[in-house]
Amino acid sequence: MAKQSKKSDYISTGLVAQNRRAHFDYIIDEVFIAGLVLTGTEVKSLRLGHANINDAYGIIEGGELYMSNMFIAEYINKGYETHAERRNRKLLLQHKEIIKIQNSLNKKGSTLVALKLFFDNHGRAKLEIGLGRGKKLYDKRETAKERDWSREKARLMMH
């Protein structure tokens, strides 16, 4: 028998999933917040927090933006209806924003990365996406040095 979930396990508003590695691997130039076209079982699974956006990236098909390789686990208490875990999910943005992203993605080395997946105050699933460029190895080293130095500085200030 399927595991029953309590009402307190559901996420009504707030963070569902976060891509922490995105700011380390990419230089994020611009951030957008997009709505998602989801099925009922996908929303129920998101409310339980069963999602992973670490490998997700944006693609353009027919003038529309889609998020590819975003993992939303199958809903536990499903009936006959289910969803594919890694299907392309349509992003809902304004036309001006789509054109801006499309022009930026045509440049070499530019990519669209998922940063955060959350429910807004109205209970709608939103995805924070970042338009960025991949970092070189020396940029990643510099980021690590800055992070270590800020930690060390905080320790010194405490004592």
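A salt bridge is counted here where a side-chain nitrogen of Lys or Arg lies within 4 Å of a carboxyl oxygen of Asp or Glu. The model shown in these views is predicted. By this rule the count comes to nine salt bridges.

**View A. Salt bridge between Asp-29 and Arg-133.** The closest N and O atoms of Asp-29 and Arg-133 are 3.2 Å apart, which falls within the 4 Å cut-off.

**View B. Salt bridge between Asp-148 and Arg-151 in helix 4.** In this pair the closest N and O atoms are 3.6 Å apart. Asp-148 and Arg-151 are three residues apart in helix 4 (residues 137-158), so about one helical turn separates them. Both partners have intermediate accessibility: Asp-148 counts as partly exposed at 43% relative accessibility, and Arg-151 is partly exposed with a relative accessible area of 46%.

**View C. Salt bridge between Glu-152 and Arg-155 in helix 4.** The closest N and O atoms of Glu-152 and Arg-155 are 3.3 Å apart. Because these residues are three residues apart in helix 4, they are separated by about one helical turn. Glu-152 is partly exposed, its relative accessible area being 36%. Arg-155, at 47% relative accessibility, also counts as partly exposed.

**View D. Network of Glu-42, Arg-87 and Arg-89.** Glu-42, Arg-87 and Arg-89 are joined into one network. The links are salt bridges that share partners.

View E. Which residues does Ser-104 contact, leaving aside its neighbours within four places in sequence? The contacts of Ser-104 on this basis are with Ser-110 and Leu-131.

Key:
Residues numbered from 1 in each chain as written. Predicted model: local features only at pLDDT ≥ 70, side-chain atom pairs only at ≥ 80, totals over all residues. Heavy atoms only, no water. Helix = DSSP H or I, 4+ residues; strand = E, 2+ residues; numbered from the N terminus. Buried < 20%, exposed > 50% of the residue type's maximum accessible area, 1.4 Å probe, protein only. Contact = heavy atoms within 4.5 Å.
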